[in-house]
Amino acid sequence: MFVDSKTINAEPYRIKAVEPMRVTTREHRQEALESAGYNTFLLRSEDVFIDLLTDSGTSAMSDTQWAALMRGDEAYAGSRSFYALEKAVQDVYGFPYVVPTHQGRGAEHLISQILITPGQYTPGNMYFTTTRAHQELAGATFVDVINDKAHDPTAAGAFKGDVDLGKLQKLIDDVGPDKIAYVNVAVTVNLAGGQPVSMANLRAVYELCHPLGILVWSDATRCVENAYFIQQREPGYADRTVAEILREMMSYFDGCTMSGKKDNLVNIGGFLAMRDEGVLQKARSLVVLFEGMPSYGGMAGRDMEAMSVGIREMVDDAYIAHRVRQVEYLGTLLDEEGVPIVKPIGGHGVFLDARAFLPHLEQDVFPAQALAAELYLDSGVRSMERGIVSAGRDPATGDHRRPKLELVRLTVPRRVYTDRHMEVVADSVIRLYRRRSEIRGLAMVYEPETLRFFTARFAPLGA
Ligand code: F0G
(Lines give C-alpha, C1' and ligand atoms only; values in the text may rest on other atoms or scores of the structure.)
Protein backbone atom coordinates (compact mmCIF):
# COMPACT_ATOMS: atom_id res chain seq x y z
CA MET A 1 0.00 0.00 0.00
CA PHE A 2 1.13 3.53 -0.72
CA VAL A 3 2.20 5.21 2.50
CA ASP A 4 1.97 8.96 2.97
CA SER A 5 1.61 11.32 5.89
CA LYS A 6 -2.16 10.89 5.93
CA THR A 7 -2.28 7.07 6.00
CA ILE A 8 0.77 6.15 8.05
CA ASN A 9 -0.24 4.49 11.29
CA ALA A 10 2.94 4.10 13.33
CA GLU A 11 5.06 6.53 15.32
CA PRO A 12 6.70 8.84 12.72
CA TYR A 13 9.95 8.99 14.71
CA ARG A 14 12.55 6.55 15.99
CA ILE A 15 13.90 6.47 19.52
CA LYS A 16 17.41 7.83 20.04
CA ALA A 17 17.56 8.05 23.84
CA VAL A 18 15.51 6.10 26.36
CA GLU A 19 14.44 6.87 29.90
CA PRO A 20 13.88 3.72 31.99
CA MET A 21 10.63 3.62 33.99
CA ARG A 22 10.05 1.78 37.26
CA VAL A 23 7.50 -0.99 37.59
CA THR A 24 6.28 -1.08 41.20
CA THR A 25 4.24 -3.49 43.35
CA ARG A 26 0.70 -2.81 44.50
CA GLU A 27 1.94 -2.60 48.12
CA HIS A 28 4.41 0.07 47.11
CA ARG A 29 1.75 2.02 45.27
CA GLN A 30 -0.64 1.77 48.23
CA GLU A 31 1.98 3.38 50.45
CA ALA A 32 2.81 6.02 47.87
CA LEU A 33 -0.86 6.87 47.39
CA GLU A 34 -1.45 7.25 51.12
CA SER A 35 1.52 9.56 51.54
CA ALA A 36 0.24 11.57 48.55
CA GLY A 37 -3.12 12.08 50.25
CA TYR A 38 -4.89 10.25 47.37
CA ASN A 39 -3.99 13.15 45.09
CA THR A 40 -2.11 12.10 41.95
CA PHE A 41 -0.51 15.57 41.81
CA LEU A 42 1.32 14.73 45.04
CA LEU A 43 2.84 11.43 43.87
CA ARG A 44 6.55 11.27 43.17
CA SER A 45 7.15 10.66 39.51
CA GLU A 46 9.56 7.82 40.25
CA ASP A 47 6.63 5.93 41.79
CA VAL A 48 4.66 6.23 38.53
CA PHE A 49 4.78 3.76 35.64
CA ILE A 50 2.99 5.41 32.74
CA ASP A 51 2.51 9.10 33.45
CA LEU A 52 -0.64 10.51 31.86
CA LEU A 53 -1.07 13.30 34.43
CA THR A 54 -0.59 15.90 31.76
CA ASP A 55 0.70 16.61 28.28
CA SER A 56 2.19 19.82 29.66
CA GLY A 57 5.96 20.08 29.59
CA THR A 58 6.19 16.32 29.16
CA SER A 59 6.89 16.19 25.41
CA ALA A 60 10.01 14.54 24.04
CA MET A 61 12.18 17.02 22.17
CA SER A 62 13.62 16.09 18.80
CA ASP A 63 17.33 15.70 18.07
CA THR A 64 17.15 19.07 16.31
CA GLN A 65 15.69 20.70 19.41
CA TRP A 66 18.39 19.20 21.64
CA ALA A 67 20.98 20.53 19.22
CA ALA A 68 19.29 23.94 19.34
CA LEU A 69 19.78 24.08 23.11
CA MET A 70 23.52 24.43 22.47
CA ARG A 71 22.87 27.39 20.20
CA GLY A 72 21.04 29.25 22.96
CA ASP A 73 22.25 32.82 23.32
CA GLU A 74 22.11 33.69 27.01
CA ALA A 75 22.68 37.42 26.57
CA TYR A 76 20.68 39.45 29.08
CA ALA A 77 19.37 41.72 26.34
CA GLY A 78 18.84 41.30 22.62
CA SER A 79 19.45 37.54 22.61
CA ARG A 80 19.71 35.96 19.17
CA SER A 81 17.44 33.19 20.49
CA PHE A 82 14.68 35.73 21.10
CA TYR A 83 14.79 36.75 17.44
CA ALA A 84 14.65 33.08 16.41
CA LEU A 85 11.54 32.68 18.56
CA GLU A 86 9.98 35.89 17.27
CA LYS A 87 10.56 34.80 13.67
CA ALA A 88 9.02 31.37 14.31
CA VAL A 89 5.91 32.94 15.86
CA GLN A 90 5.61 35.41 12.98
CA ASP A 91 5.99 32.66 10.37
CA VAL A 92 3.81 29.99 11.94
CA TYR A 93 1.15 31.95 13.87
CA GLY A 94 1.22 35.18 11.90
CA PHE A 95 1.39 37.58 14.86
CA PRO A 96 3.98 40.35 14.47
CA TYR A 97 4.78 40.86 18.18
CA VAL A 98 5.84 38.38 20.85
CA VAL A 99 6.63 38.63 24.54
CA PRO A 100 8.12 35.42 26.01
CA THR A 101 6.87 34.25 29.43
CA HIS A 102 7.90 31.42 31.71
CA GLN A 103 4.79 29.45 30.75
CA GLY A 104 1.17 29.95 29.71
CA ARG A 105 -0.10 31.42 32.96
CA GLY A 106 2.59 34.11 32.79
CA ALA A 107 1.02 35.28 29.53
CA GLU A 108 -2.48 34.99 31.03
CA HIS A 109 -1.38 37.18 33.90
CA LEU A 110 -0.04 39.87 31.56
CA ILE A 111 -3.04 40.02 29.26
CA SER A 112 -5.52 39.97 32.15
CA GLN A 113 -3.74 42.92 33.79
CA ILE A 114 -3.55 44.80 30.48
CA LEU A 115 -7.07 44.37 29.15
CA ILE A 116 -9.27 44.04 32.23
CA THR A 117 -10.78 46.94 34.17
CA PRO A 118 -12.32 45.67 37.44
CA GLY A 119 -16.03 45.00 36.99
CA GLN A 120 -15.72 43.81 33.40
CA TYR A 121 -16.62 40.40 31.98
CA THR A 122 -14.42 37.86 30.21
CA PRO A 123 -16.56 35.45 28.21
CA GLY A 124 -14.91 32.25 27.10
CA ASN A 125 -15.63 28.78 25.73
CA MET A 126 -15.50 27.01 29.09
CA TYR A 127 -13.19 28.03 31.88
CA PHE A 128 -9.62 26.91 32.33
CA THR A 129 -8.26 26.92 35.88
CA THR A 130 -5.30 29.31 35.57
CA THR A 131 -6.96 31.49 32.92
CA ARG A 132 -10.02 32.17 35.03
CA ALA A 133 -7.93 32.63 38.16
CA HIS A 134 -5.93 35.41 36.46
CA GLN A 135 -9.07 37.03 35.06
CA GLU A 136 -10.65 37.05 38.53
CA LEU A 137 -7.43 38.37 40.07
CA ALA A 138 -7.65 41.33 37.66
CA GLY A 139 -11.25 41.99 38.74
CA ALA A 140 -13.20 40.35 35.91
CA THR A 141 -16.08 37.90 36.02
CA PHE A 142 -15.75 34.89 33.74
CA VAL A 143 -18.87 33.93 31.76
CA ASP A 144 -19.08 30.55 30.05
CA VAL A 145 -20.38 30.97 26.49
CA ILE A 146 -19.57 27.51 25.14
CA ASN A 147 -22.38 25.58 23.44
CA ASP A 148 -24.38 23.24 25.69
CA LYS A 149 -23.13 20.06 24.04
CA ALA A 150 -19.68 20.69 25.49
CA HIS A 151 -21.06 19.99 28.96
CA ASP A 152 -22.55 16.67 27.85
CA PRO A 153 -19.92 13.92 27.62
CA THR A 154 -22.05 11.77 25.32
CA ALA A 155 -23.36 14.40 22.88
CA ALA A 156 -22.14 13.92 19.33
CA GLY A 157 -20.59 16.84 17.47
CA ALA A 158 -17.56 17.50 15.32
CA PHE A 159 -16.84 20.83 17.02
CA LYS A 160 -18.05 20.64 20.59
CA GLY A 161 -15.70 23.47 21.53
CA ASP A 162 -17.67 26.05 19.52
CA VAL A 163 -18.78 29.29 21.14
CA ASP A 164 -22.56 29.60 21.38
CA LEU A 165 -23.05 32.86 19.48
CA GLY A 166 -26.49 33.32 21.06
CA LYS A 167 -25.02 33.21 24.57
CA LEU A 168 -22.26 35.62 23.60
CA GLN A 169 -24.73 38.00 21.94
CA LYS A 170 -26.98 37.88 25.00
CA LEU A 171 -24.11 38.78 27.32
CA ILE A 172 -23.16 41.70 25.06
CA ASP A 173 -26.80 42.88 25.02
CA ASP A 174 -27.15 42.50 28.80
CA VAL A 175 -23.99 44.29 29.91
CA GLY A 176 -22.98 46.32 26.84
CA PRO A 177 -19.81 45.95 24.72
CA ASP A 178 -17.82 48.30 26.98
CA LYS A 179 -18.18 45.87 29.85
CA ILE A 180 -16.53 43.06 27.91
CA ALA A 181 -12.79 43.14 28.52
CA TYR A 182 -12.20 40.65 25.71
CA VAL A 183 -13.53 37.35 24.49
CA ASN A 184 -11.18 34.43 25.08
CA VAL A 185 -11.53 31.45 22.74
CA ALA A 186 -9.58 28.32 23.61
CA VAL A 187 -8.57 26.01 20.77
CA THR A 188 -8.98 23.14 21.69
CA VAL A 189 -11.05 23.20 24.89
CA ASN A 190 -9.12 21.34 27.56
CA LEU A 191 -11.80 20.83 30.18
CA ALA A 192 -14.44 19.84 27.62
CA GLY A 193 -12.23 16.88 26.76
CA GLY A 194 -9.96 18.45 24.16
CA GLN A 195 -12.83 19.36 21.83
CA PRO A 196 -12.04 21.57 18.82
CA VAL A 197 -13.60 24.80 17.55
CA SER A 198 -14.55 25.06 13.88
CA MET A 199 -13.11 27.66 11.54
CA ALA A 200 -16.65 28.82 10.79
CA ASN A 201 -17.19 29.52 14.49
CA LEU A 202 -13.91 31.40 14.89
CA ARG A 203 -14.85 33.53 11.90
CA ALA A 204 -18.34 34.17 13.29
CA VAL A 205 -17.04 35.22 16.72
CA TYR A 206 -14.67 37.65 15.05
CA GLU A 207 -17.43 39.05 12.85
CA LEU A 208 -19.73 39.50 15.83
CA CYS A 209 -17.15 41.18 18.07
CA HIS A 210 -15.06 43.35 15.80
CA PRO A 211 -17.73 45.79 14.62
CA LEU A 212 -18.51 46.38 18.31
CA GLY A 213 -14.88 47.02 19.17
CA ILE A 214 -14.62 43.89 21.32
CA LEU A 215 -11.21 42.22 21.24
CA VAL A 216 -10.97 38.50 20.61
CA TRP A 217 -8.03 36.62 22.08
CA SER A 218 -7.16 33.00 21.88
CA ASP A 219 -5.81 30.52 24.32
CA ALA A 220 -3.78 28.87 21.57
CA THR A 221 -2.21 26.25 23.83
CA ARG A 222 -3.39 23.29 21.70
CA CYS A 223 -4.15 25.11 18.45
CA VAL A 224 -2.30 22.61 16.25
CA GLU A 225 -4.50 19.78 17.44
CA ASN A 226 -7.47 22.01 16.69
CA ALA A 227 -6.11 22.69 13.19
CA TYR A 228 -5.77 18.95 12.59
CA PHE A 229 -9.43 18.40 13.54
CA ILE A 230 -10.46 21.15 11.13
CA GLN A 231 -8.47 19.42 8.39
CA GLN A 232 -10.19 16.12 9.17
CA ARG A 233 -13.72 17.32 9.85
CA GLU A 234 -14.58 20.69 8.35
CA PRO A 235 -15.72 20.85 4.73
CA GLY A 236 -13.22 22.64 2.51
CA TYR A 237 -10.11 21.95 4.58
CA ALA A 238 -9.19 18.35 3.69
CA ASP A 239 -6.56 19.44 1.18
CA ARG A 240 -5.07 22.23 3.26
CA THR A 241 -1.98 21.65 5.38
CA VAL A 242 -2.20 21.99 9.14
CA ALA A 243 0.22 24.92 8.85
CA GLU A 244 -2.13 26.76 6.47
CA ILE A 245 -5.15 26.04 8.64
CA LEU A 246 -3.37 27.30 11.74
CA ARG A 247 -2.50 30.58 10.02
CA GLU A 248 -6.11 31.09 9.03
CA MET A 249 -7.33 30.29 12.57
CA MET A 250 -4.99 32.84 14.08
CA SER A 251 -6.09 35.50 11.57
CA TYR A 252 -9.37 35.75 13.52
CA PHE A 253 -7.64 36.80 16.75
CA ASP A 254 -6.11 40.00 18.07
CA GLY A 255 -3.56 37.95 19.92
CA CYS A 256 -2.99 34.79 21.89
CA THR A 257 -1.67 33.39 25.11
CA MET A 258 0.39 30.29 24.65
CA SER A 259 1.66 27.58 26.91
CA GLY A 260 4.67 26.35 24.94
CA LYS A 261 4.68 23.26 27.12
CA LYS A 262 2.01 21.68 24.91
CA ASP A 263 1.96 22.22 21.13
CA ASN A 264 5.41 23.83 21.05
CA LEU A 265 7.09 20.56 22.09
CA VAL A 266 9.23 22.02 24.87
CA ASN A 267 9.42 21.35 28.59
CA ILE A 268 9.01 24.96 29.71
CA GLY A 269 8.07 28.30 28.19
CA GLY A 270 5.21 30.31 26.81
CA PHE A 271 4.41 33.61 25.17
CA LEU A 272 1.96 36.38 24.57
CA ALA A 273 1.62 37.32 20.89
CA MET A 274 -0.38 40.19 19.45
CA ARG A 275 -1.02 42.55 16.54
CA ASP A 276 -1.42 45.81 18.45
CA GLU A 277 1.66 47.86 19.28
CA GLY A 278 -0.04 49.51 22.25
CA VAL A 279 -0.69 46.14 23.87
CA LEU A 280 2.90 45.16 23.11
CA GLN A 281 4.24 48.25 24.93
CA LYS A 282 2.10 47.52 28.00
CA ALA A 283 3.12 43.85 27.97
CA ARG A 284 6.78 44.84 27.77
CA SER A 285 6.44 47.16 30.78
CA LEU A 286 4.69 44.49 32.85
CA VAL A 287 6.87 41.56 31.86
CA VAL A 288 9.94 43.32 33.25
CA LEU A 289 8.25 43.42 36.67
CA PHE A 290 6.94 39.88 36.77
CA GLU A 291 9.09 37.73 34.50
CA GLY A 292 12.21 39.32 33.03
CA MET A 293 13.47 41.53 30.21
CA PRO A 294 11.13 41.64 27.19
CA SER A 295 13.69 39.74 25.13
CA TYR A 296 13.55 36.66 27.35
CA GLY A 297 10.52 37.00 29.62
CA GLY A 298 10.80 34.00 31.87
CA MET A 299 12.91 31.88 29.57
CA ALA A 300 16.56 30.99 29.14
CA GLY A 301 18.04 31.63 25.70
CA ARG A 302 18.39 27.89 25.06
CA ASP A 303 14.73 27.32 25.88
CA MET A 304 13.67 30.01 23.39
CA GLU A 305 15.92 28.38 20.79
CA ALA A 306 14.38 24.91 21.36
CA MET A 307 10.90 26.42 21.29
CA SER A 308 11.56 28.15 17.98
CA VAL A 309 12.40 24.73 16.50
CA GLY A 310 9.40 23.07 18.18
CA ILE A 311 7.05 25.68 16.72
CA ARG A 312 8.15 24.67 13.22
CA GLU A 313 8.04 20.92 13.95
CA MET A 314 4.54 21.03 15.45
CA VAL A 315 2.88 21.79 12.12
CA ASP A 316 4.35 18.74 10.38
CA ASP A 317 1.30 16.86 9.08
CA ALA A 318 2.67 13.37 9.80
CA TYR A 319 3.61 14.27 13.37
CA ILE A 320 0.28 15.81 14.29
CA ALA A 321 -1.74 13.07 12.58
CA HIS A 322 0.01 10.41 14.63
CA ARG A 323 -0.26 12.44 17.83
CA VAL A 324 -4.02 12.81 17.62
CA ARG A 325 -4.51 9.26 16.34
CA GLN A 326 -2.58 7.79 19.26
CA VAL A 327 -5.03 9.48 21.62
CA GLU A 328 -7.88 8.17 19.50
CA TYR A 329 -6.42 4.65 19.66
CA LEU A 330 -6.49 4.68 23.47
CA GLY A 331 -10.03 6.03 23.47
CA THR A 332 -11.24 3.45 20.99
CA LEU A 333 -9.84 0.55 23.05
CA LEU A 334 -11.88 1.81 26.02
CA ASP A 335 -14.99 2.61 24.03
CA GLU A 336 -15.07 -0.88 22.53
CA GLU A 337 -15.35 -2.32 26.06
CA GLY A 338 -18.15 0.04 27.01
CA VAL A 339 -16.08 2.27 29.31
CA PRO A 340 -17.82 5.67 29.50
CA ILE A 341 -15.59 8.33 27.96
CA VAL A 342 -16.12 11.83 26.60
CA LYS A 343 -16.97 11.64 22.93
CA PRO A 344 -15.84 12.40 20.36
CA ILE A 345 -12.33 11.60 21.59
CA GLY A 346 -10.37 14.84 21.96
CA GLY A 347 -6.93 15.96 20.87
CA HIS A 348 -4.71 15.60 23.91
CA GLY A 349 -6.26 12.93 26.04
CA VAL A 350 -9.06 10.52 26.76
CA PHE A 351 -11.44 11.67 29.47
CA LEU A 352 -13.22 9.05 31.59
CA ASP A 353 -16.74 10.06 32.56
CA ALA A 354 -16.55 9.38 36.30
CA ARG A 355 -20.27 10.04 36.87
CA ALA A 356 -21.22 7.24 34.49
CA PHE A 357 -18.29 5.05 35.59
CA LEU A 358 -19.19 5.32 39.29
CA PRO A 359 -22.93 6.09 39.35
CA HIS A 360 -23.14 4.98 43.00
CA LEU A 361 -20.96 7.94 44.12
CA GLU A 362 -22.34 11.45 44.75
CA GLN A 363 -20.26 14.29 43.30
CA ASP A 364 -19.48 15.49 46.85
CA VAL A 365 -17.41 12.35 47.51
CA PHE A 366 -15.18 13.20 44.53
CA PRO A 367 -15.76 10.31 42.10
CA ALA A 368 -13.14 11.42 39.58
CA GLN A 369 -10.52 11.89 42.27
CA ALA A 370 -11.35 8.41 43.62
CA LEU A 371 -11.12 6.86 40.16
CA ALA A 372 -7.74 8.46 39.47
CA ALA A 373 -6.47 7.06 42.78
CA GLU A 374 -7.77 3.55 41.96
CA LEU A 375 -6.15 3.61 38.54
CA TYR A 376 -2.80 4.44 40.06
CA LEU A 377 -3.21 1.66 42.58
CA ASP A 378 -4.09 -0.87 39.89
CA SER A 379 -1.26 -0.25 37.44
CA GLY A 380 0.88 2.75 38.38
CA VAL A 381 -0.79 4.79 35.63
CA ARG A 382 -1.11 8.41 36.70
CA SER A 383 -4.09 10.46 35.55
CA MET A 384 -5.70 13.72 36.66
CA GLU A 385 -9.03 14.70 38.20
CA ARG A 386 -10.94 17.28 36.19
CA GLY A 387 -14.19 17.63 38.07
CA ILE A 388 -15.48 19.13 41.30
CA VAL A 389 -12.02 19.36 42.89
CA SER A 390 -10.54 21.24 39.90
CA ALA A 391 -13.58 23.52 39.70
CA GLY A 392 -12.90 24.93 43.19
CA ARG A 393 -15.30 27.07 45.18
CA ASP A 394 -17.55 29.91 44.11
CA PRO A 395 -15.93 33.09 45.50
CA ALA A 396 -19.38 34.59 46.19
CA THR A 397 -21.02 31.70 48.07
CA GLY A 398 -17.99 29.72 49.26
CA ASP A 399 -19.71 26.49 48.16
CA HIS A 400 -18.17 23.93 45.80
CA ARG A 401 -18.70 24.71 42.15
CA ARG A 402 -20.38 21.58 40.82
CA PRO A 403 -19.40 21.19 37.16
CA LYS A 404 -21.53 18.94 34.98
CA LEU A 405 -18.39 17.21 33.82
CA GLU A 406 -16.79 14.97 36.42
CA LEU A 407 -13.82 13.56 34.54
CA VAL A 408 -10.55 11.70 34.84
CA ARG A 409 -8.09 12.81 32.20
CA LEU A 410 -5.67 10.36 30.63
CA THR A 411 -3.43 12.89 28.96
CA VAL A 412 -0.98 11.66 26.36
CA PRO A 413 2.43 13.37 26.25
CA ARG A 414 3.73 14.11 22.75
CA ARG A 415 6.26 11.71 21.17
CA VAL A 416 6.87 9.94 24.50
CA TYR A 417 4.87 6.72 24.69
CA THR A 418 4.16 4.04 22.11
CA ASP A 419 0.84 2.55 21.14
CA ARG A 420 1.78 -0.48 23.28
CA HIS A 421 1.75 1.77 26.35
CA MET A 422 -1.75 2.83 25.37
CA GLU A 423 -2.80 -0.83 25.45
CA VAL A 424 -1.43 -1.28 28.98
CA VAL A 425 -3.38 1.78 30.13
CA ALA A 426 -6.56 0.56 28.47
CA ASP A 427 -6.24 -2.90 30.11
CA SER A 428 -6.02 -1.31 33.54
CA VAL A 429 -9.01 1.00 33.03
CA ILE A 430 -11.09 -1.89 31.70
CA ARG A 431 -10.15 -3.99 34.74
CA LEU A 432 -11.39 -1.20 37.02
CA TYR A 433 -14.57 -0.81 35.03
CA ARG A 434 -15.40 -4.49 35.54
CA ARG A 435 -15.18 -4.09 39.34
CA ARG A 436 -16.43 -0.51 39.48
CA SER A 437 -19.07 -1.14 42.15
CA GLU A 438 -16.26 -1.77 44.68
CA ILE A 439 -14.73 1.70 44.22
CA ARG A 440 -15.44 4.02 47.13
CA GLY A 441 -15.51 7.79 47.47
CA LEU A 442 -13.13 10.14 49.26
CA ALA A 443 -13.29 12.87 51.88
CA MET A 444 -11.21 16.04 51.48
CA VAL A 445 -9.08 16.38 54.58
CA TYR A 446 -6.94 19.36 53.54
CA GLU A 447 -8.05 22.15 51.22
CA PRO A 448 -5.79 25.03 50.14
CA GLU A 449 -7.34 28.40 49.25
CA THR A 450 -6.48 28.66 45.56
CA LEU A 451 -6.20 26.08 42.79
CA ARG A 452 -6.98 23.44 45.37
CA PHE A 453 -6.61 20.44 43.07
CA PHE A 454 -2.82 20.80 43.06
CA THR A 455 -2.31 20.22 46.78
CA ALA A 456 -5.58 19.05 48.39
CA ARG A 457 -5.41 15.84 50.42
CA PHE A 458 -8.03 13.12 50.69
CA ALA A 459 -8.82 10.00 52.71
CA PRO A 460 -10.93 7.00 51.66
CA LEU A 461 -14.47 6.84 53.00
CA GLY A 462 -15.49 3.72 54.94
CA ALA A 463 -16.99 0.71 53.15
N1 F0G B 1 -4.48 27.12 28.95
C2 F0G B 1 -4.76 25.82 28.79
C3 F0G B 1 -5.86 25.41 27.87
C4 F0G B 1 -4.02 24.87 29.49
O5 F0G B 1 -4.31 23.58 29.33
C6 F0G B 1 -2.99 25.30 30.37
C7 F0G B 1 -2.22 24.34 31.14
C8 F0G B 1 -2.74 26.66 30.49
C9 F0G B 1 -3.51 27.54 29.76
C10 F0G B 1 -1.69 27.21 31.40
O11 F0G B 1 -0.44 26.97 30.89
O12 F0G B 1 0.63 25.44 32.56
O13 F0G B 1 1.98 26.67 30.87
O14 F0G B 1 0.95 27.88 32.75
N15 F0G B 1 -2.58 23.16 31.29
C16 F0G B 1 -1.88 22.10 31.98
C17 F0G B 1 -2.69 20.85 31.92
C18 F0G B 1 -1.44 22.46 33.36
O19 F0G B 1 -2.25 19.85 32.49
O20 F0G B 1 -3.74 20.83 31.28
P21 F0G B 1 0.85 26.73 31.83
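Trainee: Why is Arg415 called buried?

Mentor: A residue is buried when its relative accessible area is under 20%, exposed when that value is over 50%, and partly exposed in between (1.4 Å probe, protein chains only). Arg415 has a relative accessible area of 17%, so Arg415 is classed as buried. This is a predicted model, in which local features need pLDDT of at least 70 and side-chain atom pairs count only at pLDDT 80 or more, whereas totals for chains, interfaces and linings use all residues. Residues are numbered from 1 along each chain as its sequence is written, and side-chain values use heavy atoms, with hydrogens and water left out.

Trainee: Where does Leu265 lie, and what makes it buried?

Mentor: Leu265 belongs to the loop between β6 (255-259) and β7 (270-274). Its relative accessibility is 0%, so Leu265 counts as buried. Leu265 is not a glycine, and its phi is positive, about 65 degrees.

Trainee: Which residues does Gln65 touch?

Mentor: Contact means heavy atoms within 4.5 Å. Leaving aside residues up to four places away in sequence, Gln65 touches Ala60, Asn264, Leu265, Val266, Ala306, Val309, Gly310, Glu313 and Arg415. Gln65 itself is part of helix α2 (residues 63-71). With a relative accessible area of 0%, Gln65 is therefore buried.

Trainee: What does the side chain of Gln65 reach?

Mentor: The side chain of Gln65 reaches the backbone nitrogen of Ser62, at 2.9 Å.

Trainee: How do you know that His348 and Asn190 form a polar contact?

Mentor: A polar contact is a pair of N or O atoms within 3.5 Å; within protein, one must be able to donate a hydrogen and the other to accept it, and residues adjacent in sequence count only if both atoms are side-chain atoms. The side chains of His348 and Asn190 are joined by such a contact, at 2.9 Å. His348 sits in the loop between α12 and β8 and has 0% relative accessibility, so His348 counts as buried. Other residues touched by His348 include Arg222, Glu225, Arg323 and Arg409.

Trainee: Why does Ser383 count as buried?

Mentor: Its relative accessibility is 0%, so Ser383 counts as buried. Ser383 lies in the loop between α14 (367-379) and β9 (384-386). Ser383 and Phe41 are 342 residues apart along the chain, and their C-alpha atoms are separated by 8.8 Å.

Trainee: What makes Val315 buried?

Mentor: Val315 has a relative accessible area of 13%, so Val315 is buried. Val315 occurs in the loop between α11 (301-313) and α12 (317-336). Among the residues touched by Val315 are Val92 and Leu246. From Val315 to Leu246 there are 69 residues in sequence and 8.3 Å in space, C-alpha to C-alpha.

Trainee: How is the protein chain divided?

Mentor: The chain has domain 1 (26-55 + 316-460) and domain 2 (63-313); domain bounds come from an automatic or database domain assignment. The C-alpha centres of domain 1 and domain 2 are 26 Å apart. In the contacts between them, 34 residues of domain 1 meet 38 residues of domain 2.

Trainee: How much space lies in the second largest pocket?

Mentor: On a 1 Å grid over the protein atoms alone, a pocket is an open set of points with protein on both sides within 12 Å along at least five of seven lines, whereas a cavity is a set where a 1.4 Å probe fits but cannot get out; lining residues have an atom within 4 Å of a point. Grid points are joined across faces, edges and corners, and a volume is the space filled by probe spheres set on the points. The second largest pocket holds about 450 Å³. Of its 21 lining residues, Ala133, Glu136, Glu449, Thr450 and Leu451 are the closest to its centre. Helix α5 provides the largest share of the lining, six residues, and domain 1 and domain 2 each contribute at least three residues.

Note on methods. Helix = DSSP H or I, 4+ residues; strand = E, 2+ residues; numbered from the N terminus.
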